[in-house]
Amino acid sequence: MSVRVRRVYDPAEPEDGVRVLVDRLWPRGLAKDAARVDEWPKALTPSAELRRWYHAGEGGYEQFAERYEAELATAEAAEALDGVRALAREGDVTLLTASKTPDESHATVLARLLTT
């Protein structure tokens, strides 16, 4: 089992396994068939308020990660996280994001939670 994070704009690779889009909005300029997305659990995405707060530069990545993890404790998000965790137990999973800095995005927080 492996969980990795990639930009959704990067071409799909055979080792991606199940490709899971973890952004609330569909990526700009990307055709759905070109993205090769297998799952899109919107319940796993950060709230609009948290996204705005983080992108406005009001807090650092560590604060964002803490707040995002708190949002993932809701019943709907926890259920979606369990679903992706089950996929990861069965094989490789790639978390896809449009973020220009995936290493400092919610996708990295999810990857960490899925592998612990």
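Which side chains meet in a salt bridge at 3.0 Å, N to O? Arg-6 and Asp-16 do. By salt bridge I mean a side-chain nitrogen of Lys or Arg within 4 Å of a carboxyl oxygen of Asp or Glu.

Before going on, the ground rules. This is a predicted model, where local features need pLDDT of at least 70, side-chain atom pairs count only at pLDDT 80 or more, and totals for chains, interfaces and linings use all residues. Numbering runs from 1 along each chain as its sequence is written, and side-chain values use heavy atoms, with hydrogens and water left out.

Back to Arg-6 and Asp-16. Strands here are DSSP runs of E, at least two residues; helices are runs of H or I, at least four residues; both are numbered from the N terminus.

Buried or exposed, these two? Both are buried. The cut-offs: buried is under 20% relative accessible area, exposed is over 50%, and partly exposed is in between, with a 1.4 Å probe and protein chains only.

Asp-16 has another partner. Its side chain meets that of Arg-19 in a salt bridge at 2.5 Å, N to O. Arg-19 is buried, at 1% relative accessible area. Asp-16 is also at 1%.

Next, Arg-112 and Glu-69. Their salt bridge is 2.5 Å, N to O. Arg-112 lies in helix α5, residues 106–114, and Glu-69 in helix α3, so the pair ties together parts 43 residues apart in sequence. Arg-112 is partly exposed at 38%. Glu-69 is partly exposed at 29%.

Now the network. Shared partners join Arg-4, Arg-6, Glu-13, Asp-16 and Arg-19 into one salt-bridge network. The structure holds seven salt bridges.

On to the helices. How do α2 and α3 pack? Helix α2 is residues 48–55, helix α3 is residues 61–71, and they pack at about 175 degrees with axes 10 Å apart. Axes are lines fitted to C-alpha atoms over the stretch in contact, and angles run from 0 to 180 degrees between N-to-C directions. The two helices are therefore roughly antiparallel, a label for angles over 145 degrees.

Who touches whom? Contact means heavy atoms within 4.5 Å. From α2, Leu-50, Trp-53 and Tyr-54 meet α3 residues including Phe-64, Arg-67 and Tyr-68.

Terms used
Angles under 35 degrees count as roughly parallel, over 145 as roughly antiparallel, 65 to 115 as roughly perpendicular and the rest as oblique.
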